[in-house]
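Try each task before you read its solution.

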Amino acid sequence: MEFIIVDDSVFDQFTQEKLLLKSGLTETVRTFSSAQQAIDHLRAQGADMPETVILLDLQMPGLNGFEFTEQYGLLPKAVRKRIRLFMISSTVDASDIEQAEANPHIIQLLPKPLEIPLLRELLKS
């Protein structure tokens with residue numbers, strides 16, 4: 001299983017990548033500093049892409065996390081069915097939380113810093 005981290009913070013990318021690799025959940029982590037780069041990467045993938053988990057930051061310059069999900073929804077279904085999408089954020093804004101929970105593409109809004117036991121439990125279900 002491959003993990004993709006989409007976050008404009010180099011510090012958050014680094015810490016999440018180290019946590020994921022140390023956890024044994026994956027041996028492959030790709031990082032993107034912008035949502036547009038990540039969408040471009042996903043568009044280039046075919047239906048034979050590996051099972052992928054995306055950790056998507058909410059607040060980013062350019063495309064934010066919600067704008068990413070709009071573009072994500074336009075990807076071929078064969079690509080989307082290989083992906084599990086989680087939003088990750090330190091937001092306490094109730095409208096952000098409600099919007100994430102209502103988004104059909106987002107499995108769950110995870111808190112920053114990333115909690116590996118919670119992520120591991122969600123991936124089992």
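**Exercise 1: the overall fold**

The protein chain has 6 helices and 5 strands; helices (H or I, at least four residues) and strands (E, at least two) are DSSP runs, numbered from the N terminus. This is a predicted model, in which local features need pLDDT of at least 70, side-chain atom pairs count only at pLDDT 80 or more, and totals for chains, interfaces and linings use all residues. Residues are numbered from 1 along each chain as its sequence is written, and side-chain values use heavy atoms, with hydrogens and water left out.

Task: Find the order of these elements and judge how compact the chain is.

Solution. Step one: read along the sequence, and the pattern is β-α-β-α-β-α-α-β-α-β-α. Step two: the radius of gyration is 13 Å, close to the 14 Å of the globule rule for 125 residues, so the protein chain is as compact as a globular protein of that length. The radius is taken over C-alpha atoms, and the rule is 2.2 Å times the number of residues to the power 0.38.

**Exercise 2: Ser-23**

Task: Is Ser-23 buried or exposed?

Solution. Step one: locate Ser-23 in helix 1 (residues 10–23). Step two: its relative accessibility is 18%, so Ser-23 counts as buried. Buried means under 20% relative accessible area, exposed over 50%, partly exposed in between (1.4 Å probe, protein chains only).

Task: Which residues does Ser-23 touch, not counting those up to four places away in sequence?

Solution. Ser-23 touches Ile-116 and Arg-120, where contact means heavy atoms within 4.5 Å.
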